[in-house]
Amino acid sequence: MSEVPFTLTIEGMHCGNCVRRVKTALEAVDGVTVGAVEVGRATGSLDPEETTTQALADAVTRVGFKAAVEDTGP
Ligand SMILES: [Cu+2]
């Protein structure tokens with residue numbers, strides 16, 4: 001199974017605490033390998049048989065931020 005990369009654009013992050021909250025929320029989702037999380041953005045890869053980018057955005061939204069899937073396609 002191959003993982004596919006994702007990038008989330010996240011509004012409402014300001015500091016290291018926000019980064020930790022987002023990272024924890026993403027790591028709690030099955031099928032996700034969290035890469036870099038910084039203020040305003042999170043990247044990583046996911047197993048498309050286990051989860052979706054929308055599920056990741058929803059997980060971030062549940063902890064209080066506004067997340068959108070960034071279209072990285074051509
Ligand atoms: Cu913060």
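The paragraphs below go through the predicted model from its strands to its metal site.

In this predicted model, local features need pLDDT of at least 70 and side-chain atom pairs count only at pLDDT 80 or more, while totals for chains, interfaces and linings use all residues. Residues are numbered from 1 along each chain as its sequence is written, and side-chain values use heavy atoms, with hydrogens and water left out.

Helices (H or I, at least four residues) and strands (E, at least two) are DSSP runs, numbered from the N terminus. Two strands pair if DSSP finds at least two bridges between them. Strand β1 runs antiparallel to β3, with 6 bridges joining them; here phenylalanine 6 has glycine 44 of β3 as its bridge partner. β1 is also joined to strand β4 (residues 66–69), again antiparallel, by 4 bridges, and threonine 9 stands opposite alanine 68 in β4.

Helix α1 covers residues 16–27; its 12 residues reach 16 Å from first C-alpha to last, close to the 16 Å expected at 1.5 Å a residue. The expected span is 1.5 Å times one less than the number of residues. Cys18, Val19, Val22, Ala25 and Leu26 of α1 are buried (under 20% relative accessible area, with exposed meaning over 50% and partly exposed in between; 1.4 Å probe, protein chains only). Seen down the axis of α1, these buried residues fall within an arc of 135 degrees, so they line one face of the helix; the arc is that of the directions from the helix axis to the C-beta atoms. On the other side of α1, Arg20 and Thr24 are exposed. The cover over the buried residues of α1 includes β1 (4–11), β2 (32–38), β3 (41–46) and α2.

Beyond four places in sequence, valine 22 touches Ile10, Met13, Val37, Ala42, Val60 and Phe65, where contact means heavy atoms within 4.5 Å.

The copper ion has Cys15 (SG) and Cys18 (SG) as its protein donors, lying 2.1 Å from it. Donors are N, O and S atoms within 2.8 Å of the metal (3.2 Å for Na, K and Ca); water is not among the atoms, so sites may look incomplete. Cysteine 15 is partly exposed at 35% relative accessibility, whereas cysteine 18 is buried at 8%.
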